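Trainee: I would like to go through the charged side-chain pairs. Can we take them one by one?

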Amino acid sequence: MTKIFNLFDFSQKVNYKTEVLAGLTVAMTMIPESLSFAILAGFPPLMGLYASFIAGLVTAIFGGRPGMISGGAGATVIVLIALMNSDGLEYVLAAVALAGVIQILIGVFKLGKFIRLVPHPVMFGFVNGLAIIIFMSQLDQFKTVVNGDMVWLTGNPMLIMAGLVALTIAIVVLLPKITKAVPSSLVAIIVVFILVYFLGIDTKTVKDIASVSGGFPPFHIPNIPISWETLKLIAPYSMIMAAVGLTEGLLTLNLVDEITETKGNGNRECIAQGSSNILNGFFFGMGGCPMIAQTLVNLSAGSRARLAGIVASLTILVIILFGAPIIEQLPMAALVGVMIMVAIGTFEWASFKIINRVPKKDVFLVLIVATITVLLHNLALAVLVGVILSALFFAWESAKRIRARKHIDANGVKHYEIYGPLFFASTTAFIEKFDVASDPDEVIIDFKDCRVSDMSAIEALNVVTHRYHKLGKKVHLRHLSNDCIVLLKNAEAIIDVNIMEDPSYKVVVDKV
């Protein structure tokens, strides 16, 4: 049996012990993060855990690839803070559900493939920016509230916190050198918990962030007026949330593909993510998306199947229902230590080694994407800026490749053999190739090694041919590919030129 309902690959060998332990570790690291972001956004704390349970379970079962972990992520929640402050929780829930619908449509129409447009330097910048965010967010746990202000811990509290974090990091680093039978992150959390509990060490625990006890996520239809005005209000938030969630999700999917040397399904991930957000909107979840930090915790613990994600989400539900008193006693220092190691493991240290080996524009892309990610916490904007800059760099480099070889044949006809792409960025250089005043009465422009790509290129042809026609000279266009001919014929109102038919000529690109 290979696949049933296209959900699980039953031919895959699953290490059940590894998957279960990885799932437990992921759940431990996901709880404080989801609670923190829910509180940051002004939501009831349990909304973060509900989102982690719903998003984690749905995407673990139906998602685009095994090994990825989804939950109540800060990347998507940050988008909704303004809506929460201005219009309240009911509108937030509606926006989350609408974001899910948008994500499903993107998956159904197979638009997830456009993640391929993200260049590798942008991926480096995205990953490095996230690593810095993960690390910086852990520093907040070394602070406390005094008279309404966040201040750094001092004295014994700071020494205890730093010492426990150092112990956690030491266990995570050293244990794998002794044994890999159990995830070192989970062992570190358990050891520090036992140490704090039995020695009565006074330090910050999960309970200091928020209570994690509650019931099963309740069904609730958002109480908002069904009107065009409501749609106009929530749609912008939903679209941004959908874009941010899918950007982080598909980039994380690509990262997991690279780590595991396997192939995921981006469109299926879009549909699963959208489905989870629709459920979040109707079951008091704050919405979510794949979480790169927890995904890396999962992979580093040895998980390669869907079971770990299912275990993690069900563990969170069990904790909400029954295990809150125990989980609330977990020292934050242990979780901080684990997440710091995740940040260190997430950062692409190889990007420093290649600085002098790659083009400067690629180094610039890594830096600008990482900077936007860190400063604005807007992953979609960071990636969009990176893609746009990459496209502009590519256009500039391609524009410099347009060139012309010139000769006059025995009949006195001048030939211009054009090489390189003719598009908006190369039109100026193209026009400058022609010596209109000195050329003979008949000119052939040969496009055998060139391609007319867009309306700017057509306008450039119009400019050149108009200059020749003004002087009473005839221009022929030769060796145009079929799609170029169609492009010119569609623009007959703009340009009138003679196209020399060459039915035996085939352009390789037309076959691609």
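This is a predicted model: local features need pLDDT of at least 70, side-chain atom pairs count only at pLDDT 80 or more; totals for chains, interfaces and linings use all residues.

Mentor: Residues are numbered from 1 along each chain as its sequence is written, and side-chain values use heavy atoms, with hydrogens and water left out.

Trainee: How many salt bridges does a search of the whole structure find?

Mentor: A salt bridge here is a side-chain nitrogen of Lys or Arg within 4 Å of a carboxyl oxygen of Asp or Glu. With that criterion, the whole-structure search gives six.

Trainee: Which helix holds both Lys232 and Glu229?

Mentor: These two residues form a salt bridge, with the closest N and O atoms 3.5 Å apart. Helices are DSSP runs of H or I, at least four residues, and strands are runs of E, at least two, numbered from the N terminus. Lys232 and Glu229 sit three residues apart, about one helical turn, in helix H8 (residues 228–260).

Trainee: Is Asp362 buried or exposed?

Mentor: Buried means under 20% relative accessible area, exposed over 50%, partly exposed in between (1.4 Å probe, protein chains only). Asp362 has 18% relative accessibility, so Asp362 is buried.

Trainee: Which strand holds the partner of Arg405, Glu417?

Mentor: Arg405 and Glu417 form a salt bridge, their closest N and O atoms 3.9 Å apart. The pair links distant parts of the chain, twelve residues apart. Arg405 lies in strand S7 (residues 403–408), and Glu417 in strand S8 (residues 414–422).
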